[in-house]
Amino acid sequence: MSYRLNIESFLNVITGKTFIKSCVLSEEQKTLFIHFYNSYLEYQFDNPDTKITEDIYLDYFGTFNKIEKWIVLEPARILRDFKESNCIEITLPFEEKVYHATVERNELNKFLGFDITLLDPIDKTWNEKFSDVYGYGLKNAKRTALFNYLTK
């Protein structure tokens, strides 16, 4: 299976997939561009038969915590698993604010102090060194610091 098919398979099950408008992989740039819908109305226009209500949409992103967590965890997971990709660019608009992050592997590794590709969910190093440290908790200062670094 080619690299492109692998990342496309992953994107079919990525957290928040429902609200991602587009994912474009530039193999030349080794960059994955992820764009979320600008609003519920835009989402509904593209998905007229959706059973997802505006309240569900608002609840999904309604706390800044979810946005911060997504921007920290999902690009790291992609960069961990897809070594051929060097950068993830995210545009996530919500309630008249646009969150933009450029997550470059080398910059992420520099911030963390280790190589993200060496972490593995099977041996629990992913959990111990990254997801449990940066992913969880309502007021996670380390996640906030990484989020601020990625969205600068």
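1. E96 lies in the loop between β3 and β4. In this predicted model, its backbone has a positive phi of about 65 degrees, although E96 is not a glycine. With a relative accessibility of 88%, E96 counts as exposed.

2. E95 is placed in the loop between β3 (87-94) and β4 (97-104). E95, also not a glycine, has a positive phi, here of about 45 degrees. Its relative accessibility is 57%, so E95 counts as exposed, the cut-off being over 50%.

3. How many disulfides does the structure hold? The number is 0. C23 takes part in no disulfide, and the nearest cysteine sulfur, which belongs to C87, is 14 Å away.

4. The criterion applied here is a pair of cysteine sulfur atoms within 2.5 Å. The closest cysteine sulfur to that of C87 is in C23, and because the separation is 14 Å, it is too far for a bond.

5. Is C87 buried or exposed? C87 has a relative accessible area of 8% and is therefore buried, the cut-off being under 20%. C23, at 31% relative accessibility, counts as partly exposed.

Conventions. Residues are numbered from 1 along each chain as its sequence is written. This is a predicted model: local features need pLDDT of at least 70, side-chain atom pairs count only at pLDDT 80 or more; totals for chains, interfaces and linings use all residues. Side-chain values use heavy atoms; hydrogens and water are left out. Buried means under 20% relative accessible area, exposed over 50%, partly exposed in between (1.4 Å probe, protein chains only). Helices (H or I, at least four residues) and strands (E, at least two) are DSSP runs, numbered from the N terminus.
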